[in-house]
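Thank you all for coming.

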Amino acid sequence: MSVNPAPSTDEERLAQLGYQQELHRRLSGFSNFAVSFSIISILAGAITSYGIAMAAGGPIAITLGWLFVGIMVTFVALAMAEVCSAYPTAGALYWWAAALAKRNKAAWAWFVGWFNFLGEVAVTAAIDFGAAITTSAFLSLTFDMEVTTGRTFLIFLVIIVVHGLLNTFGVNLVRVLSDVSAWWHLVGVAVIVGVLAIVPDTHKPISEVFTEVHNATGFTFAGAGVYAVLIGLLMAQYTYTGYDASAHVAEETHDAARAAPRGIVMSVVVSVIAGFVLLFAITWSIQDYEAQRTTDLGLPPAQIFIDAAGHNTGTFLLFICMVAQWFCGMASVTANSRMSYAFARDGALPGSRLWKQVNPRTGTPTNSIWLCVTLSTLLVLPSLWNTTAYLAATSVAVIGLYIAYVMPVFLRRVNPEFERGPWHLGKWSAAVGWIAIVWVVIICVLFVLPTASPITAANFNYTIVAVAVVLAFATIWWFAGARKWFTGPKQNLIEKAHHGEQTMPTEN
């Protein structure tokens, strides 16, 4: 797709890509970073999934595993950011796929879009359900509330409805809350690390924090410890999701061609550093590994806080995490609704006419916000009966999102006519891109492997089933009819000019 000389304004660049400015452009570069940083949320993912790595791998998977995965994810973020700079639109990943594919543009856009859309619904569900688990632990400690599946689900419902309402009130409120969230995360980590460094009477030897291996998976074959460590990397990989949000809010960001790619990369880099310090402090403060791993609170870090710093101080540290997770879920609903708005704008969702509407007063896609809230709630509903069904749904978040992240990167690598935006990787572009692609292939294999032995219906890793369902759904719908009417991203400027429907240019 040919690009004219560099545009002088964000609106002109968007018009070059075929879109009229409809969303309100109110986000600064810091706010764009803050949305992604809030969704990655080291105080959400790393806290709620800490138990995964405690069972599979132990301290080495938690500390060094976090750093290793963080470095690999930085490659993915850099490769995505380069494409984002060239195409700063709310559709992001699937739009990039359509622009970069040499053939079958609509098909590439369709499959990337569906993996992105359902991955984001799953990650919103996972974040807010994690926030509900943390809130339940907090209420148990402060008010002696008994933690039950029904109460946890009710707390989840309250959290996600509040997130829907706050997003409905406009992007200005989202901006303020995202900015507060970024500082809450950074100051919160500093407070937790400070308390855990000073207050406990005893700490684990630092050598154990970096090298100790724990294997509670049930696997006993030769090399089972190494296998457990690899499985435990899921904690870090799950936390490092959602930074595509910077791209999805590009149409609401000033100087989007530079600020959005910077937001993608910096949200990951800051999370790698701050998350490592946080996880080191928590692991260093473990007093009784097995008792804390199997705590009745259902959240090992909460027990670690209390055993290391006392009941009241430990509860306060958990409160910091609880508020951070609340911010995280709010930012996730923001990104999710922008992606579904863009996908509906291009006619890819059932009922697209309804979901693409923008509230003229608030400048937000209100209907899309509530679509995302509803779908995320439906994903969490099975948790009332079986946690495995919920885990299967959330596993789509990691693999589904990363498949969507890396497909445009692959297409950019095989398209020699790609025209770079103002933010690019120069001579490092090819090396970074191929490392990102290889890493995503590795995690797609790693995270469908069995996680516990003996394998039963209750502990079976349903990830492969969940991913297959998404793929089958998108494939069947594509061949059953979507290929006849879905022609890829539509340019609303052309539609408005001609009162008809015309797709993106097919030549590059």
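**One helix, then the whole chain**

Helices here are DSSP runs of H or I with at least four residues, strands are runs of E with at least two, and both are numbered from the N terminus. This is a predicted model, in which local features need pLDDT of at least 70 and side-chain atom pairs count only at pLDDT 80 or more, while totals for chains, interfaces and linings use all residues. Residues are numbered from 1 along each chain as its sequence is written, and side-chain values use heavy atoms, with hydrogens and water left out.

Among the buried residues of H8 are Phe153, Phe156, Ile160 and His163, where buried means under 20% relative accessible area with a 1.4 Å probe, protein chains only. The buried residues of H8 pack against helix H7 (105-143), helix H9 (171-198), helix H17 (311-345) and helix H19 (366-380). After H8 comes Gly170, with a positive phi near 125°.

Turning to the whole, the protein chain has 23 helices and two strands. Its radius of gyration, taken over C-alpha atoms, is 22 Å, close to the 23 Å that the globule rule (2.2 Å times the number of residues to the power 0.38) gives for 508 residues, so the chain is as compact as a globular protein of that length. Buried residues make up 60% of those 508.

Methods:
Buried means under 20% relative accessible area, exposed over 50%, partly exposed in between (1.4 Å probe, protein chains only). Contact means heavy atoms within 4.5 Å.
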